[in-house]
Protein chains: 2
Amino acid sequence: MAYRTTPERQQRDQALREHILDCALDQVRAGGFNALTMSSLANAAGVATGSLYRHFSGKGELAAEVFVRATRIEVDKLRSQFTGTGTASERLQRGLTLFAARAWHSRQLAYALIAEPVDPEVDNQRLRYREAYAELYADLIRAGRDDGSFTAEHIPLTAACLVGAVAEALVGPLSPQARAARASGLPSDSLESVTRTMVRFSLRALGAKESIR
Amino acid sequence: MAYRTTPERQQRDQALREHILDCALDQVRAGGFNALTMSSLANAAGVATGSLYRHFSGKGELAAEVFVRATRIEVDKLRSQFTGTGTASERLQRGLTLFAARAWHSRQLAYALIAEPVDPEVDNQRLRYREAYAELYADLIRAGRDDGSFTAEHIPLTAACLVGAVAEALVGPLSPQARAARASGLPSDSLESVTRTMVRFSLRALGAKESIR
């Protein structure tokens, strides 16, 4: 009956792996990659530390997997705005507004994904996903050149510039220092102000006809 | 004579540390942070591996120190262009042109500093130095608002956007993949094309009156 046991075992393994990754994402959402340790995760997931190592070679691989899962969601959300209805300029504004709002809603996680110092395995995935973002921007810029929204020339490089600009605009406001300042009532950037600056910067950089809206 | 021995010993230690860091920078220049290992460095510096560990707790600290030394030079070069003569718009163009040309001249090192996946100690310093860059841009944007070059509003955030845009524009062209393509004669971005795109993007984003020059 080995032919039935093996797929079942695989399915159980897969389900446990999913469960571990869900718990790992919760930990990163609550405390960043810094809060993700093999022992705390084993505890949260209700498995022995040894079981974790059957699924993941270590913290680096696990963190990279969490990064990929969480980032894919953001890439998909942005794509759906960028490929929606309206002019390319309108779609850019909608996409950036949603992107910033989602980051604001999960600041710790967003900071972890964008900038938190962490294992090189995550840095590797950051590079890959920045390229995925850049492709979304490149497609939108192309659409905007066709519908008269934008006038960018070197599209792949211009797309990379936008990816960098948007990420870096969020790093400061999402950083632990900014969160601490906000928590103690010190003046800090609002989501509206950050979004407006990012949108204005991006539209201008693309030579959009109407600047701020 | 202990009062004379101690400072002399300190000076010898300091000189050896300098020598080790020089050798480490050479290794990163030649092969990125990936090529920097404690054993290869001990060999290159002509010291025992144990001596390295007397000066640096490990690869992470050493890599972070190399990062800081190399990046400080770039920050200083950019500052000297940004605070030179001419309008803020001219200074921005000169600064970006020099920044890209210096990166092009030491592609492996520039890629290592900007984007190579590496220990979190380096990521930490990357965050710090991106703030240092952002301050340079912020001062220049302020100057440009005074001399009529620029019309940016939220200066610190706009400065962060520029830091991100410039770094991200260079990541692709400096990447190992792009270097490999170039080495085998495949079409690739030229320094002129990358510089022109970065400058145009930045000037437009700042609402500069004259766009490309």
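B:Asp13 comes out partly exposed, at a relative accessible area of 23%. On the scale used here, buried is under 20% relative accessible area, exposed is over 50%, and partly exposed is in between, with a 1.4 Å probe and protein chains only. This is a predicted model, so local features need pLDDT of at least 70 and side-chain atom pairs count only at pLDDT 80 or more, while totals for chains, interfaces and linings use all residues; side-chain values use heavy atoms, with hydrogens and water left out. Residues are numbered from 1 along each chain as its sequence is written, with chains lettered from A and ligands numbered from 1 in the order in which they are written.

**Chain A in outline**

- Chain A has ten helices and zero strands; helices (H or I, at least four residues) and strands (E, at least two) are DSSP runs, numbered from the N terminus.
- Its C-alpha trace spans about 65 × 50 × 25 Å along the principal axes.
- Of the 213 residues in chain A, 52% are buried.

**What the UniProt record marks**

- The unreviewed UniProt entry lists "domain: HTH tetR-type" for residues 14-74 of chain A; positions are in the numbering used here, feature names are shortened, and annotations may be inferred rather than shown by experiment.
- That span, 14-74 of chain A, is 80% helix and 0% strand, and its end C-alpha atoms lie 24 Å apart.
- The record also has a "DNA-binding region" annotation, again from an unreviewed entry, on residues 37-56 of chain A.
- Residues 37-56 of chain A are 75% helix and 0% strand, with 12 Å between the end C-alpha atoms.

**Salt bridges**

- Side chains of opposite charge can pair when their charged atoms come close.
- The whole structure has 22 salt bridges over all chains, each being a side-chain nitrogen of Lys or Arg within 4 Å of a carboxyl oxygen of Asp or Glu.
- B:Asp13 takes part in one of these with B:Arg9, where the closest N and O atoms are 3.7 Å apart.
- Both B:Arg9 and B:Asp13 sit in helix α1 (residues 2-31) of chain B, four residues apart, which is about one turn of the helix.
- B:Arg9 counts as partly exposed because its relative accessibility is 42%.
- Over in chain A, A:Arg9, A:Asp13 and A:Arg54 are linked in a network of salt bridges.
- A:Asp76 bridges to A:Arg79 with 2.8 Å between the closest N and O atoms; both lie in helix α4 (residues 59-82) of chain A, three residues apart, about one turn of the helix.
- A:Asp76 is partly exposed at 43% relative accessibility, and A:Arg79 is partly exposed with a relative accessible area of 36%.
- B:Arg126 and B:Asp123 meet in a salt bridge at 3.1 Å, N to O, and both of these residues are buried.
- In helix α7 of chain B, B:Arg126 and B:Asp123 are three residues apart, about one turn of the helix.

**The cavity**

- The structure holds one cavity of 30 Å³ or more. On a 1 Å grid over the protein atoms alone, a cavity is a set of points where a 1.4 Å probe fits but cannot get out, and lining residues have an atom within 4 Å of a point.
- The largest cavity takes in about 320 Å³ of space; grid points are joined across faces, edges and corners, and the volume is the space filled by probe spheres set on the points.
- It is lined by 16 residues, and the closest to its centre are A:Ile114, A:Arg130, B:Ile114, B:Arg126 and B:Arg130.
- Both chains join in: α7 (120-146) and α8 (155-174) of chain A, along with α7 (120-146) and α8 (155-174) of chain B, each supply at least two lining residues.
- By class, the lining has eight nonpolar, no polar and eight charged residues. Here Ala, Val, Leu, Ile, Met, Phe, Trp, Tyr, Cys and Pro count as nonpolar, Asp, Glu, Lys and Arg as charged, and the others, Gly among them, as polar.

**Aromatic pairs and other contacts**

- There are seven aromatic pairs over all chains. Rings of Phe, Tyr and Trp (its six-membered ring) pair if their centres lie within 6.5 Å, and planes under 30 degrees apart count as stacked, over 60 as edge-to-face and the rest as tilted.
- One of the pairs is A:Phe82 with A:Tyr137, edge-to-face at 5.1 Å centre to centre and 75° between the planes.
- A:Phe82 lies in helix α4 of chain A and A:Tyr137 in helix α7 of chain A, so this pair ties together parts 55 residues apart in sequence; both residues are buried.
- B:Leu92 sits in helix α5 (residues 88-105) of chain B and counts as buried because its relative accessibility is 1%.
- B:Leu92 and B:Ile141 are 49 residues apart in sequence and 9.0 Å apart in space, C-alpha to C-alpha.

Terms used:
1 Å grid on protein atoms, 1.4 Å probe; cavity = no way out; pocket = protein on both sides within 12 Å on 5 of 7 lines; lining within 4 Å.
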